[in-house]
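Hello,

Here is the structure I said I would pass on. My notes follow below it.

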Amino acid sequence: MRDVATGKEISQGASPKFEKRSVAPSPVALEGGLLVVILKGRKKGQATVARAMRDSLPGGQRGEIVGRGDNLALAKALNSANESRALVCEAAGFGAIESLRQAMDLLTNPRIAVAGLAVEGRLNPRHCVLRLSALRVAGGWPEGYEELDIAAHDASLRLRKNRYSLAPLPGQELGGRSRRTVSENDAKAFLAEWGIKPLAKEKLFPAAAVSVIIPTYNHGPFLERCIESCYAQEGLAEDPEVVIVDDGSDDGTWDQLKAWKSHRWPNLLLLRQANSGLSAARNRAMQRATGAVLVFQDADDVMPPDRVARSLEALESCELVFGHVQGFDQDDDPQDPACRKDHRIARQPRADTVQNGCGFWVGTAAVRSEFLDEHEIEFDEQMAGLEDQEFFWHVVARGGRVEALDEILLWRRDTFGSLRQRVDMQVLRSYVMEKHGALLEHMSTTGQLPCETGVVLQPRPAELPVDPHELTPTVRSGVPPPTPQPRLPTISVQPTPRGEWIGGVATYIRELRRFLSFPQTDNVAEADIVHWNPWAEGEDGKLVVATTHGIYLPEVFPPDENPDKVKMNERLLGVYKNSMAVIAVSKWFRDYLEENYDITALHIPNAVDTAQFAPDGDGDYVLWVGYDDRVKRTQDLFELAGKLPGWRFVACGPNITPERFPGAPENVELAGPVPRERIRKLMGGCRFLLATSGREQCPTVVLEAFASGKPVVGWRHYGVADLVTHRKTGWLAKPYSIPMLTKMARRAWEEAPGLRDACLTEALEYDWRVVARRIEQVYLDCWRLPVSTVTLCHGNRDTLRRAIDSAGHRCEVIVGDADGTHRDLVPAHCKYIRVPNKSVADNYNRCIEAATRPYIAIIDGDDYRYPETLPGQVRHLDEHPETGVVFSGVVTSLGQNRSGGNTPHRVQRREFERGNPVPNGSSLIRKEAWAAVGGFFPMVYAEDYDCYWRIWDAGWEIDFLPGIAYQLTWREGSVTNRIGVVRHERAKIEIQKRGEERMAKGEVKQR
């Protein structure tokens, strides 16, 4: 009998016997998982083999047993077997299990999808081994049939239609004694002897040269242009294979794709799945793609016509290639150069730049599929952002050679796609760094990429600290998106109205606005935080954060000669004193403010976008960038040039022109104001940067030099000395000593190339992607309230999330779960504590002990707190250190208003003697006062009444502020029922007696 796929003769042989061989045969080459689905039968042999097969699978593989004829259960088992590569049905029918080996031998041929027993030339669906990947490509196991035979026939037809081969074994030779009952031990011994391993991931269709991977979710309006650009690639022998995965679109995308396949692009390969996210969609396409090269493309972007050809040329010497990105507006034509705008630059990866991503954009990437298969690399489906960064690191860690092309490989549409969600980037970034810690350690230790050292590194096991769906509002079928947590403050970074050339302040503000991940607004009235700069206009009364780039120093600008500078200083210093946070861009000026004006500032330096700069050889000129004023000290440049007449100097800046300096040395080229792109090229090609600044803050030009791999020569004081490390990233001369500056310059000319790597590494510390995160932390520290909100829950599943959200996003939220059934409702930003269900008082105490902030608010799991009243209560406690508790009014869910009056006042003893004057949920408690009295005492009822009275007796004031702070849910079954009221009244009497006893014993402080 011949194999229908290979044409080779299959030996029928004698009836196989199960016996121990003296020499173990070579194991069957199977990689992946082996799913065993055994249809239960009545014979003892089938039952024993079923158990043996299920229990003897190699580690991590799966076994399932479903009932005979239960097609739906079989379908679910097959279609959910994500780890598995092969299936075995009813192994007892293989005649003492020997034919299982023969069938799996056949499956090592990648052209065969199904192998098994044949009766009269037809495969028996109950006695076969099936390649699961083939079945999935053919559309999965049909679930609409009740009978297994009909379902198997339907599946086999679809497999044949997709050009798979079916290989039957000679069933007529396997009757009689070959179907004898075998023991469970014999079956396990056979599996161990033959070392059955999972099936290798192999291409099941004739391979294409290139497969384009396109995930889509509700991108219907943009897909046509995207697909057209794939089929319009120049310089290819044949069209690429275009694989599109519809990730559960609900805008008609799937119907449109099917119409295009029928009438326009018949070779489109279309796959559809329930909404599972961008990474899952790409992985599904990669598993199906047959190309030797995989090219990634987003559904709303467009390929330049030469992209694939250029990528294939580069891939001859590497495993992954990527390039530049150029944007275009949503309704523009990317083919028109006038419509293209921002240019995202890719950089050749080095050990000191991989951590920053090197400008990698997966939409420009092409990769060898063989390399991905060999190292089992795919997109991390846990991640709802930064998955392309993690994919890039994975390739590098596994020893992949990566090349960044100096070409535009993608035209990117500027629109917010459904698959690109806003996520907590810091959480994802920490996860990626933990997962690839071995890669970071290797590059930090060796200074080389794994491909340069021949090392292959394994990612470490890592888990996101939160459910990925808490990070992003991905819409899933029938499931509403979760509330984004936590909410971030809205920032208004004030622009500079004087144009581009007002110095480093304009650059700072422009770049900060570009790199912030927090929501921004230009409307100051809508902002939670205003980030102010010296030229900002608008409402000074709402200032929160101010960056100081310096003041006009008296020794540089004498007050009697510069009255306008004196007025500006008064304005600047007034703003700094009234701001919640002041950022100083230099260390020396931070100290200057503290010593001279008693202003405390944080040091966060200027920053640079390292992706825009790169070394471009070791040039034959020295670069100077700035403008002519007392701080930049232009005269030092000219004096140094006079000492080095054989050198070439290039100076550029807004007023650095021959007209302004007619007597400048001949070896100084005065370039005047030049575009930013020209400065980047000059920086990349110079020998080193000369920085002659005097009392400057934090010269951005020094950081740009580091990002270009160029050292800096300057004076050993103030801003330049803050940034430059002598003989590591530059050379520092004694201030204003031209002979010593000349000596340092000569040394720099000889040694500058050797400092390139140190400069590039230093630049990463000043990258905007790092500095902006530090500034955002300042925003959070200013915006957050010093409040820990404690929420207790016990059977409040329907109201708990509302209670948590009412705590606001500016507080630390601690959820105490008394019955352990609410964990899935607690957002990631909250602290979850499983408390024993002893008493409410004990639960309060446990949660408050875990609080890290000085003020405590309390919310029951079925109530609601009005967050707008909390800042006022915080201000009151801040301004009145003698106050231990502040509270406001309460409204019940039945509409009853317990406002407490319209006048602020302090609680007196007579109010406690009548009953509890403090509604628990409306209060804000100073944690120090709570701790001073030992917290809540364990009581069945009125534990809050008892605690507040003891706080007052201990000498703390308790103050009332007008307004409504809390909504109390009034429900049956609590203390409002008859028995509860009686017990509550008894508790009040007991508490009042204790208060009288404390007073009699003199434990009450005198007022």
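Helix α19 has buried residues, and the elements that cover them include β17 (545-548), α18 (563-578) and α23 (718-723). Here, covering goes by contact, meaning heavy atoms within 4.5 Å. Helices (H or I, at least four residues) and strands (E, at least two) are DSSP runs, numbered from the N terminus.

This is a predicted model, in which local features need pLDDT of at least 70 and side-chain atom pairs count only at pLDDT 80 or more, while totals for chains, interfaces and linings use all residues. Residues are numbered from 1 along each chain as its sequence is written, and side-chain values use heavy atoms, with hydrogens and water left out.

Which residues of α19 (residues 587-597) are buried? They are Trp588, Phe589, Tyr592 and Leu593. Buried means under 20% relative accessible area, exposed over 50%, and partly exposed in between (1.4 Å probe, protein chains only). These four lie on the same side of α19, because they cover an arc of only 140 degrees around the axis. The arc is that of the directions from the helix axis to the C-beta atoms. An α-helix has 3.6 residues a turn, so residues three or four places apart point the same way.

After α19 comes Asp598, with a positive phi near 55 degrees.

Glu319 sits in the loop between α10 (307-314) and β11 (320-329). Its relative accessible area is 11%, so Glu319 is buried.

Ala611 is in the loop between β19 (602-603) and β20 (622-625). Ala611 counts as buried because its relative accessibility is 13%. Leaving out residues up to four places away in sequence, Ala611 touches Ile345, Arg347 and Arg769.

Regards
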